Amino acid sequence: MSVQRPLRELAGFRSGDKANLVNVALFADEDVLFEALCEAVTPESVAHHLAIGADVVHCHRAENVLGLNIVIHNALGGGGPATLFGDNLGKSFASRLLDMEIAVPDTYATAARPRADVSWAKEILARVPQS
């Protein structure tokens, strides 16, 4: 059996853009999750989730780092300086893609990637004068 989980709970990521191209790289922590990523995150599923044309999406496996590199061409309306999009650059594509849910084995029903401990920031913010 399997359960649906959002990518943000299953994979690390990096993203960015250059000219009219967006790059999102997903990294799995385990072989089983890597295979689930590669099976579910396809050019067609990415294009459907992001509501863009599938002919401009390419997925490349990087087995040595359990990574899946997603390249989206012609995604930015001509690129940063030329686009009429308000803020539709590479980082926002990654945020949207991380909401995509994929099927994973039941053993990952409650799995979550470790998050950085930022509790130290609360002490600093408490010292900032409130207006």
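Read along the sequence, the protein chain of this predicted model follows the pattern β-α-β-β-α-α-β-β-α-β-α. The chain thus named has five helices and six strands, taken from DSSP runs (helices H or I, at least four residues; strands E, at least two) and numbered from the N terminus. Residues are numbered from 1 along each chain as its sequence is written, and side-chain values use heavy atoms, with hydrogens and water left out. Local features need pLDDT of at least 70 and side-chain atom pairs count only at pLDDT 80 or more, while totals for chains, interfaces and linings use all residues.

Contacts (heavy atoms within 4.5 Å) between residues 24 or more positions apart make up 67% of the contacts in the chain with a separation of 6 or more. The accessible surface (Shrake-Rupley method, 1.4 Å probe) is about 8000 Å², and carbon and sulfur atoms hold 56% of that area. Of the 131 residues, 35% are buried, where buried means under 20% relative accessible area, exposed over 50%, and partly exposed in between (1.4 Å probe, protein chains only).

In soluble globular proteins, nonpolar side chains tend to be buried together. Here, the largest nonpolar core holds 32 residues; such a core is a set of buried Ala, Val, Leu, Ile, Met, Phe, Trp, Tyr and Cys residues joined through side-chain atoms within 4.5 Å. The members that touch the most others are L7, L26, V41, I70, I72 and I102. Two or more residues each come from α1 (7-10), β3 (21-28), α2 (31-40), α3 (43-50), β5 (67-72), α4 (90-97) and β6 (101-105), with α2 giving the largest share, five residues. Beyond residues up to four places away in sequence, I72 touches N20, L21, V22, V46, L50, I52, V56, V57 and F93.

S15 is buried at a relative accessible area of 12%, whereas K91 counts as exposed at 54%. Outside four places in sequence, S15 is in contact with N23, V24, G90, K91 and A94, and K91 with S15 and G16. K91 and V22, 69 residues apart in sequence, have C-alpha atoms 8.6 Å apart in space.
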